[in-house]
Amino acid sequence: MNQDFKNQLPEVISVFPDLSIKQINGQDFLKGILDIADESSTVTGSFSVEIHPTEKFPYRFPRIFEVGGDIPCNADWHKFPDNSCCITVEQDEILKCHYGITLLHFIEKEVIPYFANQLYRIKTGHYLDEYPHGKEGVRLFYIELFKSSNPKFWYFCFDHAFGNSKTGRNDKCYCYSGIKYKKCHLLVEEKLQIIGKQKIFNDLKFIIT
């Protein structure tokens, strides 16, 4: 049993009273209705959900399931056959959870935007903003992270992050942005170190080959 998850359940149901604590096989989880509101606090849609703990929470996301059947079980809709929802790419999740997250933060900052985006797609036929599924989602994540679509530069930055960096904090960044290194790709390299050398190496091999 994930005690961190269990200890945070009372706070969550005080904020979201349509969610309640359930139990299966001795494991507590959340189940109920999650309302999605617009900027004027008008409810624009509701989803039947379950939120289950994961072994690594709070350093990884809990699992969120849409169990009402309002979203197709289809990779293109970021929902798997077991009703679990794909919130973001794994690499982004690692960064967001590096210092630990609360269950309330997860619902407010990750789950609600996910379902708001689903409502937007239902209405318009496309997402407002998303990472594509699979390899293309990982590729887009690294394009945004490295601030470049050039794989050669990715490997240069990778080597700089995990090798013997010779760039001073106040030197101009090696990407020729004209910005000091400490305010440019040093910040990128710090994120690379959080994700981890071996994972990034495997990821780059996966998306480039």
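Q: What should I know about the model and its numbering before I start?
A: The model is predicted, so to speak from confidence scores: local features need pLDDT of at least 70, side-chain atom pairs count only at pLDDT 80 or more, and totals for chains, interfaces and linings use all residues. Residues are numbered from 1 along each chain as its sequence is written, and side-chain values use heavy atoms, with hydrogens and water left out.

Q: What volume does the largest pocket have?
A: Rolling a probe the size of a water molecule over the atoms shows where empty space is left. A pocket here is an open set of points on a 1 Å grid over the protein atoms alone, where a 1.4 Å probe fits, with protein on both sides within 12 Å along at least five of seven lines. Here the largest one comes to about 820 Å³ (points joined across faces, edges and corners; volume is the space filled by probe spheres set on them).

Q: Which residues lie nearest its centre?
A: Cys86, Ile87, Thr88, Val89 and Tyr114 do, out of 36 lining residues (an atom within 4 Å of a point).

Q: What about the second largest pocket?
A: That one has about 210 Å³. Its lining includes Ile36, Asp38 and Tyr120, and α3 gives the largest share, five residues.

Technical notes. Helix = DSSP H or I, 4+ residues; strand = E, 2+ residues; numbered from the N terminus.
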